[in-house]
Amino acid sequence: MEIFDSHTHLNSEEFINDVPTFVQRAAELGVTRMANVGSNTQLNADAIKLAHQYPQMVAVVGWHPEDSKNYTPDAEKVLEEQLVDDQVRALGEIGLDYHWDTSPQETQRKVFARQIAIAKEVGKPIVVHNRDAFEDTYRIIKEAGIQDIGGVMHSFNGDPEWLKKFLDLGMHISYSGVASFKNAHEVHDSVRATPLDVMMVETDAPYLTPEPHRGEQNEPGFTRYTVEAIAKERETTPEAIADATYHNAEEFYHIEKD
């Protein structure tokens with residue numbers, strides 16, 4: 001069984017000084033590919049660096065909503081330069097976060113819409129962060145239109161009604177360790193309702209650690225437990241979920257098969 005962690009952060013300070021250890025531990029659990037996702041100029045650069053060092057990695061670069069208050073014309077110029085790199089396969093993570101609200105909401109919305117426009121210009125899919133902002137996230141994606149480039153709702157935590165809305169926009173749906181949480185009933189309902197051909201799995205490490213390791217620091221290898229949780233919800237095998245989500249992530253990130 002091979003698993004693709006479609007959204008992780010080995011470029012973050014929790015991992016960057018010991019990446020080989022976490023790569024090895026991931027491989028031991030069957031996680032053989034991963035996408036490292038940036039959120040500002042430095043984390044974007046580190047994601048790109050890792051993608052060039054490790055053949056099993058690709059990079060995603062963009063400005064996270066929490067960092068959007070620091071998104072300037074100069075930052076945008078650097079982002080556009082980073083997007084040209086051949087190991088950068090998507091623009092993200094971008095979106096809205098009204099929970100932490102560390103950047104003004106209006107700034108978040110403007111930066112989100114602007115980055116979707118850039119993604120359309122360069123022809124790369126978007127990786128979307130949404131926390132406590134379903135209505136505005138949906139509206140901005142719908143108004144921009146992403147059918148030509150594609151996108152994924154990272155760590156989706158909505159109910160089946162919201163699931164259908166984002167599927168109708170042409171979005172993929174990625175599930176994190178939240179899918180393994182016992183009380184995440186709406187997410188479980190969405191897991192069962194998501195078409196398998198648009199599903200991906202992720203850790204969002206170091207965050208959202210799945211059962212049975214909840215309370216510990218998350219890491220890419222733990223994608224395996226999310227796969228197992230999804231398989232249980234859908235009454236199928238982990239191998240079936242791993243195979244489908246691996247294939248979907250390869251296609252989404254435009255990774256050529258050997």
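In which strand is the place of E93, and what surrounds this residue?

Analyst: The model is a predicted one, in which local features need pLDDT of at least 70 and side-chain atom pairs count only at pLDDT 80 or more, while totals for chains, interfaces and linings use all residues. Residues are numbered from 1 along each chain as its sequence is written, and side-chain values use heavy atoms, with hydrogens and water left out.

E93 lies in strand 4 (residues 88–97); strands (E, at least two residues) are DSSP runs numbered from the N terminus, as are helices (H or I, at least four). With a relative accessible area of 3%, E93 is buried, a term that means under 20% relative accessible area (1.4 Å probe, protein chains only).

Setting aside residues up to four places away in sequence, E93 touches H7, H9, V37, G38, W63, H64, P65, V127, H129 and H154; contact means heavy atoms within 4.5 Å. The side chains of E93 and H9 also make a polar contact (3.4 Å), that is, a pair of N or O atoms within 3.5 Å, one able to donate a hydrogen and the other to accept it.

H9 itself is found in the loop between strand 1 (3–8) and helix 1 (19–28). Its relative accessibility is 10%, so H9 counts as buried. Beyond its neighbours within four places in sequence, H9 is in contact with residues including F15, N36, D204 and Y207.

An unreviewed UniProt entry places the feature "binding site" at H7, H9, E93 and D204; such annotations may be inferred rather than shown by experiment. Although these positions are spread over 198 residues of sequence, they cluster in space, with a largest C-alpha distance of 10.9 Å.

Methods: Buried < 20%, exposed > 50% of the residue type's maximum accessible area, 1.4 Å probe, protein only.
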